[in-house]
Amino acid sequence: MADLLVFAGGLELKNPMLAASGCFGYGLEADPVIPPSLFGGIVTKTITPAPRRGNPVPRLAETHAGMLNSIGLENVGLDAFLADKLPALEDVDSKIVVSVSAGSAGEFAEMAERLAEHARVDALELNLSCPNVAEHGRNFAADPAAVAAIGKAVRRVFARPMWIKLSPNVTDISEVARAAQDAGADAVTAINTLLGMDINIDSGKSPFARVTAGLSGPAILPVALAAVWRIAREGGIPTIGVGGASSAKGLLKFLAAGAEAVQLGTVLFSDPGAPQRILDDLATHLDAQGHTNLNSLREQWKEQA
Ligand SMILES: Cc1cc2nc3c(=O)[nH]c(=O)nc-3n(C[C@H](O)[C@H](O)[C@H](O)COP(=O)(O)O)c2cc1C
């Protein structure tokens with residue numbers, strides 16, 4: 001059987017498949033339906049300095065090839081995460097990437113400093129791109145200067161791998177990726193959800209209290225692939241791909257576009273059998289092509305380029 005080990009964003013992952021933030025709780029909620037140790041890494045639900053109740057319901061709507069969500073960063077907050085959620089992950093055989101969000105560079109750094117005290121935190125993912133949070137007033141990931149300031153503040157206090165998650169809701173995602181690189185990030189994660197909305201034709205209004213929502217799922221795979229490719233072709237900063245992957249084929253497309261690893265989001269809700277199937281299909285694909293590992297496949301892609 002081919003070896004699926006990869007080095008991604010400063011981490012050694014036993015396979016290139018991670019659970020995306022917000023789609024796998026704090027790591028244990030789906031166990032045993034989806035065993036957490038299947039993943040090379042788990043990105044936990046974004047936490048903020050204080051607990052958040054999130055947006056009013058409804059928070060989800062199906063679309064033709066995906067889903068709209070307006071969760072509004074509901075989370076238990078940093079203290080409860082450190083007291084209850086992180087210790088429960090001690091025996092999980094997966095890298096733990098903790099996703100954080102805050103209202104300022106200083107707050108991000110304070111969170112990072114406290115998380116750095118815990119050995120189980122293998123890496124941080126800075127969520128600068130959530131479009132749902134009204135009081136932050138803006139999307140940090142749309143502003144390269146804000147990305148640089150937050151990244152540098154966290155870099156000063158956190159020596160382990162730091163990933164910065166980018167938003168597709170910008171004109172030039174590679175400009176934001178360069179700001180992340182300048183701040184010393186080990187990787188960028190691309191992409192968060194696309195800005196979208198639904199309309200109820202009886203009321204003529206959006207069903208969501210905050211009107212717009214984030215689009216995810218198979219519909220956004222082509223957008224995510226293009227984002228990863230645009231960042232990767234500059235060769236500056238490693239990329240972790242996310243957006244619409246639901247099969248080994250999708251995962252391979254991200255790797256070919258230049259991603260070092262790939263996160264699964266919406267598919268974890270719609271198809272809990274997908275992670276195991278993806279690992280099996282990846283190994284079968286490599287074996288059938290005569291590759292003993294993923295690097296060998298990457299080399300073949302390079303030779304053909
Ligand atoms: C219900 C839901 C909740 C999410 N919550 C978060 C979150 O807390 N933090 C974050 O960075 N991304 C969050 N995301 C975005 C995903 O991590 C991912 O970037 C996006 O859904 C695209 O990937 P997918 O198409 O595979 O789902 C959420 C997505 C969904 C569907």
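This is a predicted model: local features need pLDDT of at least 70, side-chain atom pairs count only at pLDDT 80 or more; totals for chains, interfaces and linings use all residues.
Let me start with helix α1, residues 78-85, whose buried residues are L78, F81 and L82; buried here means under 20% relative accessible area and exposed over 50%, with partly exposed in between, using a 1.4 Å probe and protein chains only. Helices (H or I, at least four residues) and strands (E, at least two) are DSSP runs, numbered from the N terminus. Residues are numbered from 1 along each chain as its sequence is written, and side-chain values use heavy atoms, with hydrogens and water left out.

Now, back to α1. Its buried residues pack against β7 (95-100) and α2 (105-115), where contact means heavy atoms within 4.5 Å. The face of α1 turned away from that buried side carries the exposed residues A83 and D84.

My second topic is strand β14, residues 259-264. Why do I call β14 largely enclosed by the rest of the structure? Because 5 of its 6 residues are buried.

As for its partners, strand β3 (residues 17-19) runs parallel to β14 and is joined to it by 3 bridges, strands being paired if DSSP finds at least two bridges between them; L18 has Q263 of β14 as its bridge partner. Strand β13 (residues 239-242) also runs parallel to β14, through 4 bridges, and there G241 is partnered by V262.
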